[in-house]
Structure formats: structure tokens, C-alpha cells
2 protein chains.
Amino acid sequence: MVEYDSQTLDTIFHALGDATRRAMLGDLAVGDRTVGELAEPFAMSLAAASKHIKVLEAAGLIRRDVRGRTHVCSLEPMPLMSADQWLGVYRRFWTNRLDTLEQLLRADDAATPHPPKPPLPGTEGE
Amino acid sequence: MVEYDSQTLDTIFHALGDATRRAMLGDLAVGDRTVGELAEPFAMSLAAASKHIKVLEAAGLIRRDVRGRTHVCSLEPMPLMSADQWLGVYRRFWTNRLDTLEQLLRADDAATPHPPKPPLPGTEGE
DNA sequence: ATCATATTCAACCATATGGTTGAATATGAT
DNA sequence: ATCATATTCAACCATATGGTTGAATATGAT
């Protein structure tokens with residue numbers, strides 16, 4: 001059942017609500033990264049990137065392994081699962097929406113008497 | 001493929017990063033609600049709730065139908081699908097994690113020589 | 001016309017957020 | 001011991017966020 005308390009979800013979704021942090025997670029999906037490596041792609045100070053990393057860490061989305069003077073970060077996926085589970089409740093809504101859309105397209109298609117290929121663009125006057 | 005530009009995801013995840021707003025979505029999952037109905041469960045002013053509703057609306061998560069003096073809100077699920085798709089990239093990470101965990105449990109189980117049912121709670125001294 | 005109801009607006013406030021810079025800390029290399 | 005590298009800390013700043021209150025707006029009911 002995986003208990004999701006709302007404060008945890010607040011922290012997780014908040015952490016995901018920033019493009020820099022999502023990009024960092026994307027980077028960590030490829031492999032482990034030091035703080036410096038995580039910061040490198042971004043046009044901001046190391047201190048700023050360090051703060052983002054701490055937000056991710058606080059949300060439980062990454063783990064930090066201090067090896068000497070470098071800190072190696074790795075992806076910690078379980079909080080993403082919580083977020084996914086929360087979203088899962090709403091899945092039927094968008095699948096419904098898509099099904100309805102598909103039916104409309106089918107009906108539309110059936111109503112159209114086999115258009116013998118659309119004309120090439122620009123061959124018919126406006 | 002559903003293009004997800006990062007600014008859109010920022011807005012969506014940010015909207016989801018607040019318990020009040022998630023609860024409102026939960027309410028709308030049951031059925032349509034007026035602004036007043038959406039605000040009612042919360043210990044905050046109508047104006048504050050109204051702001052939350054506007055955040056959800058700006059993220060495209062709800063639609064508003066103005067009927068006379070009441071505004072009827074309804075769930076708009078597609079942005080949730082975008083969020084879900086973003087998360088989907090990471091699904092393999094948590095399923096991996098769960099698989100590993102399950103294997104550990106199996107190995108553990110196999111190693112244990114058939115414990116003949118756990119004792120009832122409280123029947124053995126501390 | 002008058003009054004009640006539903007909602008927003010505007011001004012305000014405290015705190016959080018995302019950034020900066022310069023100094024501090026801790027480890028590694030010579 | 002000395003210097004370089006990796007990272008954080010502290011102080012600061014502008015803006016965003018989530019809340020408040022009182023007034024305004026717009027519609028509905030009588």
C-alpha cells in the first residue's frame with residue numbers, strides 16, 4: 001500500500017518542480033556523479049548547484065557517498081515511486097480522455113468516404 | 001511522443017507540490033466542484049483557496065466553467081499524464097530496486113529452515 | 001430597487017526560494 | 001609543510017509563495 005504522507009509528497013513534488021533538479025536526476029539516471037560533475041552543465045555557481053543537490057537529497061531522491069574530498073551522488077528512485085503512485089489514482093482520467101479521443105477519430109474516419117490520399121501540399125490554390 | 005517542455009513540467013510539478021492543491025484535485029476526481037465547495041474543507045480564507053485554484057488552473061490541471069456567479073471547476077487530467085510520462089523514464093529504477101529486494105527476501109526465506117509459524121504476539125516474554 | 005451570495009482584487013505580510021560572492025573546511029598531491 | 005582541489009558555509013539579495021483582511025464586482029433572489 002505504501003503510505004504516502006502529504007508532507008513527503010510536498011517535498012518530492014517540490015524537488016521535481018525545478019528544471020535544474022530534474023536535469024540532475026536525468027544525469028544520475030545515466031550513472032553516478034560527483035557534485036562537481038552534476039553542477040558542470042549549469043550556468044550557475046557551484047554553491048547554487050550544491051543547494052539544488054541538497055534539495056534532492058532532502059527529498060530522498062539521491063544518496064551521497066562522501067569519498068575523501070569528493071561527494072559521489074547516486075539516484076534513489078523510491079520517492080519517485082511514491083509520486084508515481086499518487087499520480088496512478090488519476091491514470092483512469094487521462095486514459096478515458098484518450099479513449100474518447102480515439103473513438104472520435106474512428107468515427108471521423110468512418111464518416112469520411114475514403115479520401116484517396118491527401119493532395120500534396122501546395123498543389124491546390126488557397 | 002508528447003513533447004514535454006521543462007517550463008510546463010515546472011508549473012505542473014510545482015502545482016502538485018502542495019497538499020492543499022493535491023487534495024483539491026482529489027476532490028475533483030470525485031466530481032465537479034464550485035470554488036466555494038473546493039475551498040470548504042480547508043482552514044483558510046476563500047481568497048487563499050481561490051489562489052490555489054488559480055495555480056491549478058494555470059498549470060492546466062483544472063478547467064473552470066463560469067455559470068452565473070458560481071465557477072464550476074473540473075479535473076483536466078492531461079498535464080498529469082505529462083508528469084507521469086516524465087516519471088516513467090525512472091520506472092525501471094524502482095522496479096529494479098523492488099526486484100532486488102524480493103530476491104533478497106527469497107534467499108533469506110530459503111536459508112531459514114521452515115520456521116513453523118511465528119508465535120502469536122505476546123505469548124513469548126520480551 | 002434592494003439585499004444576499006459567490007468570487008475576485010488589492011494591499012499587505014512573513015517566510016521560502018534560487019541565486020550571488022567571498023571565506024572556510026577538508027582532503028589529496030608534492 | 002605547502003599548494004591545489006572539492007565542497008560547503010555564511011551573509012546577502014530579489015522575487016515568489018502562501019497566507020491575511022477589507023473592498024469591489026457580478027449575479028441571483030425578492
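**Ground rules.** I am working with a predicted model, where local features need pLDDT of at least 70, side-chain atom pairs count only at pLDDT 80 or more, and totals for chains, interfaces and linings use all residues. Residues are numbered from 1 along each chain as its sequence is written, chains are lettered from A and ligands numbered from 1 in the order in which they are written, and side-chain values use heavy atoms, with hydrogens and water left out.

**Sheet.** I looked at chain A and found an open, antiparallel sheet of three strands in the order β1-β3-β2. β1 (33–34) and β2 (62–67) of chain A are the edge strands, each with a single partner, so one side of each has no neighbour in the sheet. I noted that strands and helices here are DSSP runs numbered from the N terminus (strands E, at least two residues; helices H or I, at least four), and that two strands pair if DSSP finds at least two bridges between them. β1(A) pairs with β3 (residues 70–75) of chain A over two bridges, and A:T34 has A:V72 in β3(A) as its bridge partner.

**Helices on the sheet.** I then checked what packs there, taking contact as heavy atoms within 4.5 Å. Helix α2 (residues 19–30) of chain A touches β1, β2 and β3 of chain A, and its direction makes about 90° with that of β3(A). Helix α4 (residues 46–58) of chain A touches β2 and β3 of chain A, at about 120° to the direction of β2(A). These angles run from 0 to 180 degrees between N-to-C directions, with axes fitted to C-alpha atoms, for helices over the stretch in contact.

**Two copies.** I superposed chain B on chain A with a rotation of 180° and 0.0 Å of shift along its axis (RMSD 0.0 Å), by least squares on the C-alpha atoms of residues with pLDDT of at least 70 in both. The two copies are thus related as by a two-fold rotation axis.

**Salt bridges.** A:R97 meets B:E76 at 2.6 Å between the closest N and O atoms. A:R97 lies in helix α6 (residues 91–111) of chain A and B:E76 in the loop between β3 (70–75) and α5 (78–88) of chain B, so the pair joins two chains. I also logged a salt-bridge network linking A:D84, A:R91, B:D84 and B:R91.

Key: A salt bridge is a side-chain nitrogen of Lys or Arg within 4 Å of a carboxyl oxygen of Asp or Glu.
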